[in-house]
Amino acid sequence: MGANGKERGTSRRGFLAAAAGAGALAAGGGAQAQAPKPDPLITEPQDWNRFLGPGVDAAPYGKPSKFEAGVIRRNVGWLTADTVSSINFTPLHQLDGIVTPNGLCFERHHAGVAEIDPSQHRLMVHGLVEKPLVFTMEDLKRFPGRVNKLYFLECAANGGMEWRGAQLNGCQFTHGMIHNVWYTGIPLKAVLDEAGIRPAGTWLLAEGADASAMTRSIPIEKALKDCLVVWAMNGEALRPEQGYPLRLVVPGWEGNMWIKWLRRLEIGDQPWQQREETSKYTDLLADGRSRRFTFVMDAKSVVTNPSPQAPLRQKGPNVLTGLAWSGRGAITRVDVSIDGGKNWRHARIDGPVLPMSLTRFYVDFDWHGEDLLIQSRAMDETGYVQPTKDELRKVRGVNSIYHNNGIQTWHVKTNGETENVEIL
Amino acid sequence: MSRSSSALIGLALAAALALPVLAQSGKTGLGRPALPEEIQAWDIDVRPDGVGLPPGKGSVKEGEVLFLERCAACHGEFAEGVGRWPVLAGGQGTMTADRPEKTIGSFWPDLSTAFDYIRRAMPYGNAQSLTADETYALVAFLLNMNNLVAEDFVLSRENFLTVKLPNAPSFFDDDREKAERHFWNRTPCLSNCKPDTRITGRAAILDVTPDGGDKSIKVE
C-alpha cells in the first residue's frame with residue numbers, strides 16, 4: 001500500500017482536469033431556482049418513528065433489509081443448457097470492501113448442489129501414501145494448526161464471453177465469477193502428512209462427492225505449499241452451494257480446482273487428464289494449439305462503480321471504486337484512466353492488501369456531465385501489469401474462453417448511462 | 001492486586017502449562033485406516049496410461065443401443081448435441097476456424113478422459129449407474145461417431161491404449177511466463193500514452209444482457 005500513500009493528498013478535481021473543460025466546474029449540485037421546501041421526511045413523523053418494530057427473534061437467522069432485495073446473484077440463461085450445470089454471478093456493483101457475503105458468492109455447479117449431512121461425510125486419502133486413511137468431519141476439526149485465510153476464488157471463464165468484443169452490460173456479468181472469502185480450516189499438508197506421501201508422489205487428484213464427482217489434478221508442490229481443507233467461510237459453516245461440509249482451497253489458482261464437497265484425495269505420479277483439465281479449462285490459441293494446466297489467475301481489476309448496472313446519477317462529487325486481484329501475489333498498484341487509457345493516475349487502495357485476495361481501490365472525483373471512458377489497470381508484486389484486451393488477443397486469439405484478464409472499458413455518457421465498450 | 005488473586009493466577013498458569021502438547025512425531029493419530037473395499041469403491045479414475053481401467057469390453061453396436069436409450073436426449077442420436085448440450089462428435093479441422101467445435105474427436109487429447117468421465121458422471125442425473133462393459137460400449141460408439149474406429153470395433157481394456165485421439169499433439173503446458181513475458185512490464189505508461197482513442201464496439205448494440213440492468217437513468 002505504501003506506493004499509493006503519496007497519492008492520497010491529490011485533489012479529486014485535479015484528476016479530471018485533463019478531461020473536464022474549464023467552465024464546467026461551476027455546475028456543482030445544480031441551480032436552486034425556488035425557495036427550498038422543508039423535507040416531510042424530517043418535518044413529519046414516519047411510521048418507523050412511531051410504531052414498534054419486530055422483536056429480537058423475528059429472524060433467528062438475519063437477512064438483509066427488504067430494501068436490498070435487488071442485491072442478488074443473477075445468471076445468464078442462454079449461457080448453459082440448464083441451471084443444474086450452470087453458473088451465476090456475484091453482484092460486484094452492489095458490494096463494497098473486500099469480503100463477499102456468503103449468500104452472494106457466485107455459484108458454479110456441474111450436477112447441482114449436493115446436500116450432505118456432515119455426520120455422513122468422509123474424506124479419504126489414498127494412492128502413493130504410507131497409510132491410506134479415512135477422516136470424518138469431527139476428525140478434521142480436531143487437527144492441530146487451524147488457520148484463517150482470505151482468498152479470492154475466480155472462475156477461469158470469468159470474462160469468457162468478452163473475447164470477441166463487448167457483450168454483457170454489467171460488471172456482474174463480465175466480472176462476477178469471483179468472490180473473496182475468509183476460510184477456516186487446516187492446511188492440506190496436515191492431512192497428507194498424516195497419511196505420509198511416498199517419494200514417487202508428484203500429483204494429487206481431488207474429487208467431490210456431488211453427482212458430477214468433480215475431479216482435478218493438482219501438482220503436489222502446490223498442494224503442500226498453501227492449499228487448505230476448509231469447513232467454514234466468513235465465520236460460519238460453508239454454504240451448501242460452496243461445498244458444505246468440506247471444500248478444497250487452492251489460493252490464486254482457477255476456481256474449478258477448488259473442489260467442493262471434497263471426499264477423496266489420491267496421490268499419484270502423473271496428472272490424470274480429467275475432463276475439466278483437457279476438454280475444459282484448456283486455452284485454445286489462434287494457431288489451433290492449446291495451453292493446458294494454466295492454473296494461475298493473472299492480475300486483473302475492474303471498476304465496479306460506475307458500471308452499466310450502477311450508472312452515475314449526480315454531477316459533482318462521486319466515488320469511483322473497484323477491485324483488483326492477482327493469483328501471483330499481492331496487488332501493489334492500481335491505475336485508473338477516465339480518457340480511455342491516454343492518461344492514468346494511481347488509485348487509492350483502502351483496506352487490507354493481502355496476497356491472492358481482492359483489493360479495494362477508490363478514486364474520489366467530481367463529474368461535470370462529460371463523456372468518460374473509464375479503465376483500471378492492476379499491477380502485482382511480481383511486476384505483472386494487467387494487459388489490454390487487444391494485447392491479450394495478439395497472443396491468444398479470441399477462442400481461448402478462459403483467463404481473460406484484459407482491461408475493461410466503461411463508457412459513461414453525458415446522461416450518466418454507462419455501457420460496456422471496446423476501444424482502440 | 002491482592003496476594004490471593006496473584007496466587008490464583010499462578011495456579012491458572014500452571015494448569016495451562018500442564019496442558020499436554022502434541023507429540024512431535026508429526027502424526028496426530030486422527031482418522032482410521034481406509035479399507036481396501038472402500039478404496040476400490042471410490043477409486044474409479046482412469047489415467048491415459050490405462051491405470052484404473054476395469055476389466056471388460058463393449059462394441060460400437062452395443063454402444064449405439066445404449067446411447068439412443070440413455071444419452072441421445074441431450075447429446076443427439078449421432079452425438080451432435082441437442083440445444084446447448086455438449087456436442088461429442090464431429091468438428092475435426094475446426095480448431096483454427098472462427099467457431100471451433102470441440103468434441104472428443106476434434107479436441108480431446110486422451111481417450112481415457114471419455115471413459116473416466118462417462119463412468120463417474122454420466123448419464124446426467126443417474127451417475128455411476130453404468131457397468132464397465134456398457135462404458136466400453138459407449139466409448140466405442142463415440143469413437144465410431146468420430147470416424148476413429150470401424151462399425152464392427154470392440155473396445156476393451158486390452159486394446160484401449162491402441163486408440164489415439166488425433167488432437168493430442170496440440171496440447172502443451174502453460175508457457176505464459178515466457179510467451180507473455182512482455183506483460184511483466186513494471187513501468188506502464190502514465191501520461192500521453194496514446195494519441196487518440198475511439199469506441200469500436202458496444203455491448204448495448206448486441207443487447208444480450210439479462211435483466212438487472214437499470215434503464216431508467218436520470219441525472220440531476
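Guide: Helices here are DSSP runs of H or I with at least four residues and strands are E runs of at least two, numbered from the N terminus. The model is predicted, so local features need pLDDT of at least 70 and side-chain atom pairs count only at pLDDT 80 or more, while totals for chains, interfaces and linings use all residues. Residues are numbered from 1 along each chain as its sequence is written.

Visitor: Where does Gln172(A) lie?

Guide: Gln172(A) belongs to helix H6 (residues 171-175) of chain A.

Visitor: Which backbone oxygens lie 3.0 Å from a polar atom of the Gln172(A) side chain?

Guide: That of Ile72(A) does, and so does that of Phe89(A).

Visitor: Changing topic, how many residues does each chain bring to the contact?

Guide: Chain A gives 110 residues and chain B gives 86, contact being heavy atoms within 4.5 Å.

Visitor: How many salt bridges are there between chain A and chain B?

Guide: There are 13 salt bridges between chain A and chain B, each a side-chain nitrogen of Lys or Arg within 4 Å of a carboxyl oxygen of Asp or Glu. One of them joins Arg328(A) to Glu177(B), with the closest N and O atoms 2.8 Å apart.

Visitor: Which strand of chain B is joined to E24(A)?

Guide: Strand E5 (residues 199-202) of chain B is joined to E24(A) by three bridges, and the two run antiparallel. Within E5(B), Gly201(B) is the bridge partner of Glu422(A).

Methods
Chains lettered and ligands numbered in written order. Heavy atoms only, no water. Pairing = 2+ DSSP bridges. Polar contact = N/O pair within 3.5 Å; in protein donor to acceptor, adjacent residues only side chain to side chain.
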